[in-house]
Amino acid sequence: MSGGGEEVSNKQIVFRDYVTGFPKEADMVHTTGTIRLKVEEGSKAMVVKNLYLSCDPYMRKRMAKPDGPSYIDSFTPGSPMNGFGVAKVLDSGHPDFKEGDLVWGRTGWEEYSLISAPETVFKITHTDMPLSYYVGLLGMPGLTAYAGFYEVCSPKKGEYVFISAASGAVGQLVGQFAKLMGCYVVGSAGSKQKIDLLKNKFGFDEAFNYKEEQDLNAALKRYFPEGIDIYFENVGGSMLDAVLLNMRLHGRIAVCGMISQYNLDKPEGIHNLFCLVTKRIRMEGFLVFDYYHMYPKFQQWVLPNIKEGKIVYIEDTIEGLANAPSALIRLFTGKNIGKQVVVVAHE
């Protein structure tokens, strides 16, 4: 039985086809479909109006042709893209959600979405915060930084912490969390503006522009004469190789991402892995999905810190669904300053 409801036009960003090499705006097409704004009778689904969409580096992996098991599905050519977003519930058959609720989680790159599994989204209860924070600081990147730093890195006060891609959605938070713990924190990024932000806005002890360093090993020795206890890995490649040479005994490396490798047909090899043995280093990859159970604990901890001004967050906001493809590409050219957000509609 149909739930009825008017059928309205629905602007969408459709994935054109699998991508090799560097993604282009033309790989994503702006089209218009239709959608009913009511759920089917007896369905547990819900219909939402999308307000904010998140652009994240992992989405590049989803643009590639599947080549074996992965933690997340590739996009389907000819279908709308999807990712993390903030949305307002228009109609719900699920007992936990009602019309007017605000939620964050996986949604479509479109004006309106039918969410068939509402248990995969979180209800937003603290609406005194900017709603866009729920695709960043209070959403997936925030929980990634929290779980990756506190659970995977096992940090101790006074330790030496290095973060690559440090001004991005996750890196800027890891640095601030580490400073709150009393660690010495250095970050790398790719422009003078980002370096200034790391030192003056986020409170890093030091920061350097990796593009200006001929020798990454020498750069790390300059900032870490005693070596590195914790490396929060976001880039991979030559940076990881240099870090391995500079790790201290019993150091920890949390592997969150490797953005330097995502657009390469063949990933670069790492030469210094034997350092894991000689220095007894623990290197561990992690996925935020494994830590979703910690979200209430994270929220309870982070909200007071935001309100007291101990944690700040920088967003790079682009208006309009039609501009979502160019916003996503900015991640891979390093143009974004902070968390890349697309505004689809204002509440």
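**Helices on an open sheet**

Colleague: At what angle to E10 does helix H5 run?

Modeller: Helix H5 (residues 216-223) lies across E8, strand E9 (184-189), E10 and E11. Helices (H or I, at least four residues) and strands (E, at least two) are DSSP runs, numbered from the N terminus. Angles run from 0 to 180 degrees between N-to-C directions, with axes fitted to C-alpha atoms, for helices over the stretch in contact. For H5 against E10 that gives about 165°.

Colleague: What kind of model is this?

Modeller: Residues count from 1 along each chain as its sequence is written, and side-chain values use heavy atoms, leaving out hydrogens and water. Local features need pLDDT of at least 70, side-chain atom pairs count only at pLDDT 80 or more, and totals for chains, interfaces and linings use all residues, since it's a predicted model.

Colleague: And what angle does helix H6 make with E12?

Modeller: Helix H6 (residues 237-246) packs on the sheet too, touching E8, E9, E10, E11, strand E12 (247-255) and E13. Contact here means heavy atoms within 4.5 Å. The directions of H6 and E12 make about 150°.

Colleague: Which strands stand at the edges of the sheet?

Modeller: Six strands form this open sheet, paired in parallel, in the order E10-E9-E8-E11-E12-E13; a pair needs at least two DSSP bridges. The twist averages 15° from one strand to the next. Two strands have a single partner each, so one side of each lacks a neighbour in the sheet: E10 (206-209) and E13 (282-285).
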